Each structure stands twice: as C-alpha cells, then as structure tokens.
Amino acid sequence: MNNTLLVLLKRNIFQTFNSIRNPSCKYILKTASNYQNLPPLLKYCSVPCYFDLKNIALRSTNPLSRICIGTNAKYPLNTVGYRYMTVLFRSSYPSKPPTRSLRRRISKRAKAAAKPTLDEAQFQHVLSQLLPRFTPEELSNVITMQNDPLVCFELFNWASQQPRFRHDVSTYHITIKKLGAAKMYEEMDDVVNQVLAIPSIGSEALYNTMIYFFTENRKLTRAVNIYKHMKNSRKLDCRPTIRTYNLLFAAFLSKGSNSYVNHMYMETIRGLFKQMVNDGVEPDIFSLNSMIKGYVLSLHLNDALRVFHQMDVVYNCEPNSFSYDYLIHGLCAQGRTNNAREMCNKMKEKGFLPSSKSYNSLVNSLALAGEVEEAVNFLWEMTENRRLADLITYRTVLDEICRQRKVGDALSLLKEFQEKDIMDGHTYRKLLYELEDNFGSLNDQNQFRVER
C-alpha cells in the first residue's frame, strides 16, 4: 500500500514540476536518506513541504513561502516514508550579508523616505513672534532665524492663507533656501511652482537658487526649464547672468569620467556657451575653463586647445592653473606626450605649479612612451614641489625600468623612495612583491642587468 502510494506520489509530483511554467525556479526533490549527503548549494534555500493529494500540488510548511494554491492538505509526506521533502529554488537574494556600502545606501534611502513630523510647540512659538499685521520682510526674518525647515514650510503655508498678505521675492527666496538645504525637494518644488505661476515675482538670485538646488538633486531638466523661464522673462533683472551659466556648466560637467556621457552633455554645454555669447554675457575664467574641461572629457582636445588660445585674444581672460592642468591631462590621455611636456613647461614659466593629477599623468605618459629617465626626473620634481604620486605612477615607472632589463635600478629607486620617506611602508612592500613576482627573484637581479 505504501509502495503504491509512493509511486503515485512521485509521478504526481514530477507532473506538477513539469507543469510549472516559470523557468527561473528549479525544483529538486530529495528524500531524507540522501538529503544529508547533498553538497552545499550557494544561493539556494531549503523549504520543508508536504504533498496535497487532492490538489496534486506541493505546499510549503513555511507560511512565508507559498508555492501553490490549495487548502486541503491531508497527507503529510512523513506518513508515506518521507520525513522531509526539500524544495530547492534559486533565491533572488544573495547568500552573503549586505556590504557596508549597501547598508549605507539602504540607510540613506530610509532616511530620505521617512517624512519628518512637525514640532507643534515650536510652530506655535514662531507664530507668537509675528505681529497681527506682519509684512513679508518680517516673515522673511522669522524664517531666516528658524532652524527647522518643516516649521519654515508650515509657516510659509500658514502665511499664504492669511488675508491681506502676499508673499514677495524675499519670502519665496528664503523658503526655497531652507527647503533645498534640508533636501526637502518635494516641498521645495511646490514653492517653485508657485513662483513660476506669478509672472511679477522673480529675481536673478531667486532663479539661480532654484537652479542650484535642482542641479544638486540631479534634476537637470527642471534646471534647464528654469533657465528658459529666465530667458523668456520680461523683467531685465531676471535674465540669465554669468552665474546662471556657470551653475549649469558645473552641473553638466559633474557626471563623472564617462567620455560617452560627457560627449552627449558637451553638445548642451556648447549650445549654452554660444547662447551666452550671443546674449552679450561676457564669459569669465570659470566658464572658459568649463569649456576646456568639457572638451577634454569628451575627447575633443583640439577644440579645448582652440578655446585655450582664444582666452587672452578673444575673451580678454588670462588662463590660470586649472586651464593648464586640464590640457596637460587631456594631452597625456591621448598620448601627445611632447605637447603635454611643452604645456607643463609653459605653465611653470607663467608661475603656476602643476597639480598632482597633471604630474601623475605626465610621468605615466613619459614612462609608457619609453622616456624613463625623463619620467624619473619629473617624479623627483613633483616630490620637491610637494605633489603626491599615486601607486599607479610608481608602478608604471618601475615596470618600464624593469622592461628595459634594469631590475637592479628599479630596486635601487624603490629603496631610495622608501629611505627618503616619499612612500610609506605598505606601498613599498606592495611594489617590492610585485617586482619579485613579475620579474623573477630579486636575489638574481644581476642576470637581468645590461651595460648602459
């Protein structure tokens, strides 16, 4: 009787498995005898189940894991010789605990999702500071002195409902500042919509504040819409200024080092710059450097050099250290080592000191081009100028020296760096082990050396 029932159970169970249409879940049936011999399965979890004879389906004993529909379960598996049946299915969650960065992101999202509660006592205390017929200036001063942004927002809404009171630029401005600084962007968006709905309300500083906080929230489309609203404004004091364009340039150039993304945004930056010049807004050093940086990041190096040479002649603006640093890095990234070296020398003639990024790019480029001695000279120069070389720069120079069959020279240079406290002990040991792993035992270094 039990054997017949067992055969029927097996047949019906595998028929149930074959009827499952979800290919992402793999079901494996095992008896208690070989369950203990199962190898450890990563990303799988085991669920004890029983068999429902009436519905011909598997039902989990865990209420949190439902794998079929049905309520009539009369025969547990242990009544027919099975102590347990394990259904192993691929889990959508990893078996490892969440990393620190993941926990930090989860915590950050939870804090952002948690809505703050209004402090009624503080709100009533703030209301008591206002006169019966308060002015927008008095309301702006009270909001300025208040630290709780939710109280500021509630006070702003309360004032909007008062008869004979109208908000002006100062109350809108300070409220948007408070909400934006507290990252309450949804509430800030409501106030911004109120400003845009009133053509007579607005100022260049107010609109620039909106653009700044929208770019901080990475709502670039919203920021561009504010810019267009400024351009279409009939009030001359609301038109875009150099600060408006610089805010947009900085926002579009803060997307990281992805050259494709920078290439896409560079078209927008180029259009904004052209519109700025056509409107009679004179570019400053920040906007010109933004153009150079954008062209370098989007791999339009010749356009960057064109803007650089036009700075003094066309725009009457002298290049600064950032102008040279962007170009040196871009020239080195495209393998134009000689041009980068000339730009670095010209930079030093102007009295500027290259940054650590420029020195690292130049040293790496020279070493990869085979000019190891020149790279070492620039490496010593950057240490004299108190510029820090990174691990990649040290590794590139030492590897190129070793590829010229001068492992002993590389070892001597590495020891000299460590003796002069240019690098710490951890970096020294790491580079030493890499030299030994890549170029053989350092005790037999003489066989790799050649006569100079």
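Mentor: Start with burial. Buried means under 20% relative accessible area, and exposed means over 50%. Keep in mind throughout that this is a predicted model.

Trainee: Is Cys 332 buried or exposed?

Mentor: Cys 332 has a relative accessibility of 10%, so it counts as buried. The residue belongs to helix H15, which spans residues 321-333.

Trainee: Which residues is Cys 332 in contact with, leaving aside neighbours within four places in sequence?

Mentor: Its contacts are Ala 340, Ser 361, Leu 362 and Ser 365. Take Leu 362: 30 residues separate it from Cys 332 in sequence, while the C-alpha to C-alpha distance is 6.1 Å.

Trainee: What does the side chain of Thr 396 reach?

Mentor: The backbone oxygen of Ile 392, at 2.7 Å. Apart from residues up to four places away in sequence, Thr 396 touches Asn 364, Ala 367 and Leu 368.

Trainee: Next, helix packing. How are two packed helices described?

Mentor: By two quantities, the angle between their axes and the distance between the axes. Here, helix H9 (residues 204-216) packs with helix H11 (residues 242-252) at an angle of about 5°, and their axes are 10 Å apart.

Trainee: How are H9 and H11 oriented to each other?

Mentor: Angles under 35 degrees count as roughly parallel. H9 and H11 are therefore roughly parallel to each other.

Trainee: Which residues meet in that contact?

Mentor: H9 contributes Glu 204, Asn 208, Ile 211, Tyr 212 and Thr 215. From H11 come Arg 243, Thr 244, Leu 247, Leu 248 and Ala 251. By class, the residues of this contact are five nonpolar, three polar and two charged.

Trainee: Now the backbone. What is the phi of Lys 183?

Mentor: It is near 60°, a positive value in a residue other than glycine. Lys 183 lies in the loop between helix H7 (169-181) and helix H8 (185-196). With a relative accessible area of 58%, Lys 183 is exposed.

Trainee: And where is Leu 299 found?

Mentor: In the loop that runs between helix H13 (285-297) and helix H14 (301-313). Leu 299 is not a glycine, yet its phi is positive, about 70°. Its relative accessible area is 52%, so Leu 299 counts as exposed.

Trainee: What about the chain as a whole: how many helices and strands does it have?

Mentor: There are 21 helices and three strands. The chain has 452 residues, of which 39% count as buried. Among contacts with a separation of 6 or more, 62% involve residues 24 or more positions apart.

Trainee: What pLDDT does the chain average?

Mentor: The average is 78, and 74% of the residues score at least 70.

Trainee: Where does pLDDT stay under 50?

Mentor: One such stretch is residues 1-93, for which the model has 118 contacts beyond four places in sequence. Another is residues 445-452, with 14 contacts beyond four places in sequence.

Methods. Residues are numbered from 1 along each chain as its sequence is written. This is a predicted model: local features need pLDDT of at least 70, side-chain atom pairs count only at pLDDT 80 or more; totals for chains, interfaces and linings use all residues. Side-chain values use heavy atoms; hydrogens and water are left out. Axes are lines fitted to C-alpha atoms, for helices over the stretch in contact, and angles run from 0 to 180 degrees between N-to-C directions. Helices (H or I, at least four residues) and strands (E, at least two) are DSSP runs, numbered from the N terminus. Angles under 35 degrees count as roughly parallel, over 145 as roughly antiparallel, 65 to 115 as roughly perpendicular and the rest as oblique. Contact means heavy atoms within 4.5 Å. Ala, Val, Leu, Ile, Met, Phe, Trp, Tyr, Cys and Pro count as nonpolar, Asp, Glu, Lys and Arg as charged, and the others, Gly among them, as polar. pLDDT is the predictor's confidence in each residue, from 0 to 100. Buried means under 20% relative accessible area, exposed over 50%, partly exposed in between (1.4 Å probe, protein chains only). A polar contact is a pair of N or O atoms within 3.5 Å; within protein, one must be able to donate a hydrogen and the other to accept it, and residues adjacent in sequence count only if both atoms are side-chain atoms.
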